[in-house]
Amino acid sequence: MKFNTKVIHGGQEHDKAYGAVMPPIYQTTTYAQTTPGRHKGYEYSRTHNPTRNALENAFASIENGKFGLAFGSGLAAIDAVIKLLKPGDEVVSTNDLYGGSFRLFTKIYQDFGIKFHFIGMQNASNIEAYVNKNTKLIWVETPTNPMMNIIDIKAVSSIAKNNNILLAVDNTFATPYLQQPLNLGADIVMHSATKYLGGHSDVVMGALTVNDKDLADKLYFIQNASGAICGPQDSFLVLRGIKTLHVRMQRHCENGTAVAEFLANHPKIENVYWPGFKSHPNHEIAKSQMSDFGGMISFTTKGNNYEDAIKIVEKLNVFTLAESLGGVESLAGHPASMTHGSIPKEEREKTGVVDSLIRLSVGIEDIDDLIADLEQALN
Ligand code: P1T
């Protein structure tokens, strides 16, 4: 099955009870047993729920993986991955990443004795200096949030495999429409399904997909034992969102290209961070591992001035000033004070998250309205 068919049918079957074409929302916590242990495959909804299972099968299908898992948020999905580790283990992570992931790693798991190294991975060989016998996981975001750095997944995967280390890729910005990390050698793909997979800014959810059965079993155990699952109504909504992922992404990419080019040619703009530009340092890697460049763009204005950035985001009308990304509507954010506020200033500035940085999630509205909105705000 090709991707555009998988988003609609992948892993799905018609409802066994009445043949419902869309998966019913099984709003139930528990399932009748005829005698203890005899049931129809479901006992309790933290462990399994038919609506959530339909979604988990869809996650696996669109990432070209075997096993999908759904969680109550993207961070809950990341949390489950880190719970594979033990005190004394070490993780090498991209230094540019979602502020909440950084906070989870440094403010919670560091205290449990797990050591994190945050490094630039634009050149994958940088990783080797941080690998030792305790290294158990490489955590990669690509494109990174918010600097749009591109990490070579195949190159990182070969370092991971040579050293017997798990490679997890946060694929939130790219989506499986643009990039399929399992095909490039990753062991775990993670999503904040809150973003493009849900696609409508109405559900908070996380996803994992893996190929290895033992790894899947460990993660299913953690999912059930820790219990950070999502509900059936939310599962239904994200499953519905996925059915239009391909057509939404096509428009996100078209509009993203137009907005990136508009910004690059605007006299008030200093830097535009978007992997579709030939001048992007890892454009060739982006071209080889992604099928297009997406709708996430960050930029700074000339003069690198905090007040200007705040004025611009306040003046936008069609773009809403808000956290999050990946919905049909365009959003603008100020990473230093919003999504990346939990990263100390000197840490975030090392990766380019300066006070004048603005991040756009370009939606699927009419491109003329988006450009006109940016034009008036910049002027
Ligand atoms: O918000 P949640 O569903 O828990 O997902 C966390 C997360 C993980 N990974 C990436 C790359 C993310 O961007 C996020 C959430 N990000 C935002 C809310 C944001 O505005 O960047």
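How many residue pairs are in polar contact between domain 1 and domain 2? The count is 18 residue pairs, both residues at pLDDT 80 or more, where a polar contact is a pair of N or O atoms within 3.5 Å; within protein, one must be able to donate a hydrogen and the other to accept it, and residues adjacent in sequence count only if both atoms are side-chain atoms.

1. Basis of the values. This is a predicted model, in which local features need pLDDT of at least 70 and side-chain atom pairs count only at pLDDT 80 or more, while totals for chains, interfaces and linings use all residues. Residues are numbered from 1 along each chain as its sequence is written, and side-chain values use heavy atoms, with hydrogens and water left out.

2. Domain arrangement. The protein is divided into domain 1 (3–242) and domain 2 (245–378), with bounds that come from an automatic or database domain assignment. The centres of the two domains, taken over C-alpha atoms, are separated by 25 Å. In contact terms (heavy atoms within 4.5 Å), 44 residues of domain 1 meet 41 residues of domain 2.

3. Interface area. Domain 1 and domain 2 bury about 3400 Å² between them, and 63% of it is on carbon and sulfur atoms; buried area here is the accessible area (1.4 Å probe) that two parts lose on being put together, summed over both. Of the area that domain 1 buries against domain 2, Met147, Leu178 and Tyr196 supply 23%, more than any other three residues.

4. Interface composition. Between domain 1 and domain 2 the count is 0 salt bridges, a salt bridge being a side-chain nitrogen of Lys or Arg within 4 Å of a carboxyl oxygen of Asp or Glu. The side of domain 1 that touches domain 2 receives two or more residues from each of several elements, including helix H1 (3–9), helix H4 (99–109) and helix H8 (232–242); helices (H or I, at least four residues) and strands (E, at least two) are DSSP runs, numbered from the N terminus. By class, that side has 23 nonpolar, 16 polar and 5 charged residues, with Ala, Val, Leu, Ile, Met, Phe, Trp, Tyr, Cys and Pro counted as nonpolar, Asp, Glu, Lys and Arg as charged, and the others, Gly among them, as polar.

5. Salt bridges elsewhere. The count of salt bridges comes to 11. Lys136 forms one with Asp89, the closest N and O atoms being 3.2 Å apart. Lys136 lies in strand E4 (residues 135–141) and Asp89 in the loop between helix H3 (74–82) and strand E2 (90–94), so the pair ties together parts that are 47 residues apart in sequence. Asp89 is buried, at 10% relative accessible area, whereas Lys136 is partly exposed at 33%; buried means under 20%, exposed over 50% and partly exposed in between (1.4 Å probe, protein chains only). By contrast, the salt bridge of Lys16 and Glu13 (2.8 Å, N to O) joins a lysine that is exposed at 71% to a glutamate that is exposed at 57%.

6. Lys345 and Glu349 form a salt bridge with closest N and O atoms 3.2 Å apart, and, being 4 residues apart in helix H12 (residues 345–350), they are separated by about one helical turn. Lys345, Arg348, Glu349 and Asp355 are linked in a network of salt bridges. Ser356, in the loop between H12 and strand E12 (358–361), is buried at 1% relative accessible area. Residues that Ser356 touches, not counting those up to four places away in sequence, include Phe299, Asn304 and Ala309.
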